[in-house]
Amino acid sequence: MRSLPHSSHPHSRRLLLAAIFFVVGGLLVWRAVAAHSASSPPSPAPPPFSSFSKVGEEAKSGKTGSSSLLFGGGTTSSGGNKLIKEGGKKKSKSDKMERFSFEVFGKVQGVYFRKHTKGKADELGVHGWVMNTKEGTVVGEAEGTKEKLDAMKTFLSTKGSPKSRIDKCDIKDRKEVEKAKYSSFDIRR
């Protein structure tokens, strides 16, 4: 085996090895998901990230196994989470999908507002898009559960990026939707 290239940075080998392990780990997860997808009927959209947090709660309480929550098998549970079995997937009553459009006014261009908006959306598991306008505002659309969209609305109205100044945030057309329109959160140009 060839040795790793020498660099003047003392931690370069560690960083390179960490990157290799990260990529290999990601490939293994992708492979496991692909293998599961091939053995089960296709689903219209991946489960929201919030369902992963319930895995630990359910497993600790002994109500059902974690794999049944991740992959939609098993039995329904009753009690605090009020889970409902819909088409082999477990959904909470609070997991209904909503969507809204937004426009943010103020100093929101040239201050990495879109980048921070995408970061927050990815952190929350919100899907949609964001883009600058010729008028100097930022517009977009977001979809997710009520709780996730409430958190996104707070972010858009009060935080944004560190160098931004938000004068106003208009939320329009907030409504419940049956089907997801987006599978990720994108920055449009």
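At 26% relative accessibility, Lys 118 counts as partly exposed, where buried means under 20% relative accessible area, exposed over 50% and partly exposed in between (1.4 Å probe, protein chains only). The model is predicted, so that local features need pLDDT of at least 70 and side-chain atom pairs count only at pLDDT 80 or more, while totals for chains, interfaces and linings use all residues. Residues are numbered from 1 along each chain as its sequence is written, and side-chain values use heavy atoms, with hydrogens and water left out.

The chain contains five helices and seven strands; helices (H or I, at least four residues) and strands (E, at least two) are DSSP runs, numbered from the N terminus. Along the sequence these elements follow the pattern α-α-α-β-β-β-α-β-β-α-β-β. Of the 189 residues in the chain, 29% are buried. The accessible surface of the chain amounts to about 12600 Å², and carbon and sulfur atoms account for 58% of this area. Accessible areas come from the Shrake-Rupley method with a 1.4 Å probe; for residues, only the protein chains shown count as cover. Among contacts (heavy atoms within 4.5 Å) between residues at least 6 apart in sequence, 67% join residues at least 24 apart.

Five strands form an open sheet of mixed pairing, in the order 6-3-5-4-7; two strands pair if DSSP finds at least two bridges between them. Strand 6 (165-176) and strand 7 (185-187) are the edge strands, each pairing on one side only. On average, neighbouring strands of this sheet are turned by 15 degrees against each other, direction ignored. Axes are lines fitted to C-alpha atoms, for helices over the stretch in contact, and angles run from 0 to 180 degrees between N-to-C directions. Strand 3 (residues 98-107) and strand 5 (residues 138-144) run antiparallel and are joined by seven bridges. Within this pairing, Glu 103 stands opposite Val 139 in strand 5.

Helix 4 (residues 113-124) packs on the sheet and touches strand 3, strand 4 (127-132), strand 5, strand 6 and strand 7; the direction of helix 4 makes about 170 degrees with that of strand 7. Helix 5 (residues 146-159) lies across strand 3, strand 5, strand 6 and strand 7, and runs at about 160 degrees to strand 6.

Side chains of opposite charge can pair when their charged atoms come close. With a salt bridge defined as a side-chain nitrogen of Lys or Arg within 4 Å of a carboxyl oxygen of Asp or Glu, the count comes to 10 salt bridges. One of these links Glu 103 with Lys 172, the closest N and O atoms being 3.4 Å apart. Because Glu 103 lies in strand 3 and Lys 172 in strand 6, the pair ties together parts that are 69 residues apart in sequence. Glu 103 is buried, at a relative accessible area of 16%, whereas Lys 172 is partly exposed at 37%.

Asp 122 is partly exposed, at 39% relative accessibility.

A salt bridge also joins the side chains of Lys 146 and Asp 150 (2.9 Å, N to O). Both residues lie in helix 5, four residues apart, about one turn of the helix. Lys 146 is partly exposed at a relative accessible area of 43%, and Asp 150 is partly exposed at 30%. Salt bridges that share partners join Lys 146 and Asp 150 with Glu 98 and Arg 174 into one network.
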